[in-house]
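Take a walk through this protein with the sequence at hand. The tour goes from the surface to the core, then to the charged pairs and the turns.

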Amino acid sequence: MRRRLILVFLAVSSLVAVAFVVPLGYLVRSTAEDRAIDAARADAAAVVPALVSGGTRAQIESAVDATASGQAEWMTVMTSQGWAIGAEMAPSERVDEALSSGASAIGEVEGGFEVVAAVATGPGELSAIRVFVPEAQLRSGQWRAWATLAAVGVVLVTISVVVADRLAGTVVRPTQELAAAARRLGDGDLAVAVEPGGPEELVELGTAFNALGGRVSSMLDRERELVAELSHRLRTPLTKLRLRVDQVSDGDLASSLRGDVDDLAGVVNELIREARGAIGSDVGCDLEEVVAGRAEFWGVLAEDQRRPWTFERGRGKPRVAVSPADLGAAIDVLLENVFAHTSEGVPVAVGFDTCDGVARVWVGDGGDGFDQSSIERGESAAGSTGLGLDIARRTANHAGGSLAVTASGLGGALVVLSLPLAGGVS
């Protein structure tokens with residue numbers, strides 16, 4: 001775009017320069033010719049007094065030699081006495097006409113122009129002064145003037161191109177900044193904004209873009225809040241429902257109900273996970289803030305069930321490459337499994353730490369353990385883990401991390417989420 005604007009200015013300024021320089025060039029040429037012919041007339045007029053006063057041959061020669069044309073041997077005087085004074089000349093009809101009829105004339109001859117002046121030197125006596133103006137004299141100074149005009153034209157075109165470049169910059173630069181900001185917004189950077197600048201239309205467009213980014217960010221924040229609220233509201237009733245099912249004395253009925261509850265929880269978890277994946281655009285979160293928040297939430301239920309509760313807080317405030325919603329959902333899934341598949345009074349431990357650019361979040365319990373294959377299948381089992389492990393594993397893998405399950409120091413299972421750090425540890 002910038003190049004096209006410059007080319008347009010270049011074409012327009014070149015046309016203007018040509019329209020300005022060409023007529024001036026012809027004017028310079030005409031002026032040079034007029035100046036040379038006027039000089040020849042002046043030289044001829046300088047000799048007239050010597051002829052009219054009846055001067056001698058020597059006096060006429062002296063008058064001729066006193067002129068520039070005479071010194072250059074461009075002047076010839078034909079007197080009524082038959083004298084030919086000055087430079088030799090070729091036969092000229094204008095000179096013959098001046099001597100016979102007293103008519104002065106100016107005309108083109110081979111190699112230039114001739115100026116012929118008829119002078120009456122007495123009754124019935126006519127003399128003629130002929131001044132030859134060569135082509136070089138007619139063009140004297142013309143080439144220099146043309147070169148000056150051409151230089152002026154080039155300077156004017158150059159200035160117009162420089163001005164065009166500056167003006168194009170005021171249009172192109174804001175447009176490029178707006179395009180770059182739009183790409184960043186498309187990549188998920190909802191905080192991006194531009195400084196409106198350039199023409200009025202671009203200022204208006206930049207202002208509208210900033211407003212659009214703010215509205216999209218507000219809408220997504222609201223969607224995250226709604227999904228998070230939905231997640232928290234549904235998980236607690238489902239956990240309580242599982243606990244109610246465990247109190248059913250009929251084993252077959254309890255098993256059937258437990259399977260229905262697990263299916264319902266699986267569908268809810270999948271819907272929440274997909275909703276978070278669709279609207280999530282965060283590039284990272286504060287690990288300490290998210291883990292502490294979920295620990296505080298589940299710690300209340302642990303107290304109600306008289307479970308020994310431990311929260312191990314690591315150092316600093318590490319940021320991990322997972323959105324707050326996804327990380328919170330993964331931790332909720334792991335804790336929900338503990339509460340759903342272990343008896344009341346079984347101890348629970350939650351914590352995090354960092355090492356070598358990787359953050360670790362763990363959930364441990366003192367239950368009966370689990371089947372290692374449940375990690376891949378995401379199935380429910382009677383042990384301390386099962387439903388939701390697949391969701392937690394995919395959350396870790398999506399961030400470039402991993403999920404591992406080992407034995408806990410409390411006697412049950414220990415699930416560890418390893419996540420890459422997104423911005424170091426503050």
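Which residues make a nonpolar surface patch of about 330 Å²? The patch is made by Val155, Ile159, Val163 and Leu167. Patch members have over 30% relative accessible area and no salt bridge; like charges are joined within 9 Å, and nonpolar side chains (Val, Leu, Ile, Met, Phe, Trp, Tyr) within 5 Å. Areas come from the Shrake-Rupley method with a 1.4 Å probe, and for residues only the protein chains shown count as cover.

A word on the model. It is predicted: local features need pLDDT of at least 70, side-chain atom pairs count only at pLDDT 80 or more, and totals for chains, interfaces and linings use all residues. Residues are numbered from 1 along each chain as its sequence is written, and side-chain values use heavy atoms, with hydrogens and water left out.

Isoleucine 159 sits in helix α6 (residues 142–186). Helices (H or I, at least four residues) and strands (E, at least two) are DSSP runs, numbered from the N terminus. Isoleucine 159 counts as partly exposed because its relative accessibility is 46%. Here buried means under 20% relative accessible area, exposed means over 50%, and partly exposed lies in between (1.4 Å probe, protein chains only). An α-helix has 3.6 residues a turn, so residues three or four places apart point the same way.

Now go inside. In soluble globular proteins, nonpolar side chains tend to be buried together. A nonpolar core is a set of buried Ala, Val, Leu, Ile, Met, Phe, Trp, Tyr and Cys residues joined through side-chain atoms within 4.5 Å. The largest one has 32 residues, and Leu287, Val320, Leu327 and Leu417 touch the most other members. Two or more residues of this core come from each of α9 (287–304), α10 (324–341), β9 (348–355), β10 (358–365), α12 (389–398), β11 (402–407) and β12 (413–425). Helix α10 gives the largest share, seven residues. A second, separate core holds 20 residues, among them Ala40, Ala44, Val77 and Ala117.

Next, the charges. Side chains of opposite charge can pair when their charged atoms come close. A salt bridge is a side-chain nitrogen of Lys or Arg within 4 Å of a carboxyl oxygen of Asp or Glu. The whole structure has eight salt bridges. One joins arginine 313 to glutamate 288, at 2.0 Å from N to O. Arginine 313 is in the loop between β7 (309–312) and β8 (318–320), and glutamate 288 is in helix α9, so this pair ties together parts 25 residues apart in sequence. Glutamate 288 counts as buried, at 11% relative accessibility.

Helix α9 also supplies arginine 294. Its partner is aspartate 332, with the closest N and O atoms 2.8 Å apart.

Compare aspartate 353 and arginine 360, whose side chains meet in a salt bridge at 2.9 Å, N to O. Aspartate 353 is partly exposed, at 25% relative accessible area. Arginine 360 is partly exposed too, at 30%. Elsewhere, salt bridges link Arg94, Glu114 and Arg130 in a network.

At its start, a side-chain oxygen of serine 92 reaches to within 3.4 Å of the backbone nitrogen of arginine 94. Just after α4, glycine 102 has a positive phi of about 75 degrees.

Strands β3 (residues 105–109) and β4 (residues 112–122) pair in the antiparallel sense over five bridges; pairing requires at least two DSSP bridges between strands. Isoleucine 106 has valine 115 in β4 as its bridge partner. Two residues separate the strands, and glycine 111 in the turn has a positive phi of about 90 degrees.

Which residues other than glycine take a positive phi? Glutamate 73 is one, at about 60 degrees. It sits in the loop between α3 (68–71) and β1 (75–78) and is exposed, at 62% relative accessible area. Arginine 306 is another, with phi near 55 degrees. Arginine 306 lies in the loop between α9 and β7 and counts as exposed, at 71%.

Conventions. A polar contact is a pair of N or O atoms within 3.5 Å; within protein, one must be able to donate a hydrogen and the other to accept it, and residues adjacent in sequence count only if both atoms are side-chain atoms.
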